[in-house]
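Please open the model in a viewer and keep the selection panel at hand.

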There are 6 protein chains.
Amino acid sequence: MPFVNIKITDDGVTAEQKQALIKGVTQLLVDVLGKNPQTTFVLIEEVNTDNWGIGGESVTQRRRGGK
Amino acid sequence: MPFVNIKITDDGVTAEQKQALIKGVTQLLVDVLGKNPQTTFVLIEEVNTDNWGIGGESVTQRRRGGK
Amino acid sequence: MPFVNIKITDDGVTAEQKQALIKGVTQLLVDVLGKNPQTTFVLIEEVNTDNWGIGGESVTQRRRGGK
Amino acid sequence: MPFVNIKITDDGVTAEQKQALIKGVTQLLVDVLGKNPQTTFVLIEEVNTDNWGIGGESVTQRRRGGK
Amino acid sequence: MPFVNIKITDDGVTAEQKQALIKGVTQLLVDVLGKNPQTTFVLIEEVNTDNWGIGGESVTQRRRGGK
Amino acid sequence: MPFVNIKITDDGVTAEQKQALIKGVTQLLVDVLGKNPQTTFVLIEEVNTDNWGIGGESVTQRRRGGK
């Protein structure tokens, strides 16, 4: 009954890429822990780069600075 | 001081339905645990069906397949 | 396919109270949004009162102060 | 390696205010716990006032009622 | 800069299994989205079966009932 | 009505350090966004270093390797 929450920046991730993440994470939980895929939830949340910080700066600022 | 986070698919949930969820969850915490409603938070997050997976597929894919 | 996360202080909540929360929240999602209970997850997390703050103080401090 | 998730209502928070939150929280973790800012993540999520409840009402309802 | 939160029941998951989950999820984000592993966080949370509900029952109840 | 969730490794953080985090984050939300501290929640979650991954390795492994 695992629940997986993936938070990523909203950089135009396609529906196909999301399907690949969902499929891959679910398979990983089957392979490593023997979990039932039918009760495995995966939830992807896309976050604006203004709202994501690392090193005390937003990702927007970091990219502007070439980091 | 409970905090409740409800994640659901974004299927046109109305403001009235959201109010019913907020009221019902808060009352449940009062009834079962004697919590103070004034310090009970409820937060509803609506997630696109492309971003929600179960059984290794997105909800978009599952609905297309008639599941 | 809802996912509900309930965070409460760890005040000796019993297994019966947890079952009442799980049952009540699931029923609420059935009643208000017509969700399928078989794909409704509820997750209860109990948090130490030292680790929970409100009004700039921990719940431990607030209770000591009679709040 | 801290991860901080700030959930606030979506009241037109500016990019500058978000940067101030990211910078301030990161500095706090450096000052109090000696954490490395380069592996400190801050994530801000903005929530519609219909989706946020307190005291059994949505924030939208509370504001309408002058609370 | 992804952040992945995996919530599973606390069924004696070993440190080796946790390492396999961390390694696998990180690699998936590299493969599907080209993310930098050095800024990819994975966080595993283990939840007691009394605290996890599905179908309106706790996992403890479900297992007792042979589900 | 902000809600702040701080996840850190469980390295013997003291009650005093937790109070400093709660106080500091609450004050930051007052200063930057004019929030009411009485409806500001801060929740600290401490995570075992086996359960926290970065760069594809658990923090336990990274520390063993001198990172």
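The stops below concern a helix and then an interface.

This is a predicted model, in which local features need pLDDT of at least 70, side-chain atom pairs count only at pLDDT 80 or more, and totals for chains, interfaces and linings use all residues. Residues are numbered from 1 along each chain as its sequence is written, chains are lettered from A in the order in which they are written, and side-chain values use heavy atoms, without hydrogens and water.

**Helix H1 of chain B**

Select residues 15–33 of chain B, helix H1 (a DSSP run of H or I, at least four residues).

Next, colour the buried residues (under 20% relative accessible area, 1.4 Å probe, protein chains only; exposed is over 50%), among them B:Leu21, B:Val25 and B:Leu28. Seen down the axis of H1(B), the buried residues fall within an arc of 150° and therefore line one face (the arc uses directions from the helix axis to the C-beta atoms). The face turned away carries the exposed B:Glu16, B:Lys23 and B:Asp31. Just after H1(B), B:Gly34 has a positive phi of about 65°.

**Chains E and A**

Now show chains E and A, which bury about 2200 Å² between them, 77% of it on carbon and sulfur atoms (accessible area, 1.4 Å probe, lost on being put together and summed over both parts). On the side of chain E that touches chain A, the elements giving two or more residues are strand E1 (3–9), helix H1 (15–33) and strand E3 (52–54) of chain E (strands are DSSP runs of E, at least two residues). H1(E) supplies the largest share, 9 residues.

Methods: The expected span of a helix is 1.5 Å times one less than its number of residues. Buried area is the accessible area (1.4 Å probe) that two parts lose on being put together, summed over both.
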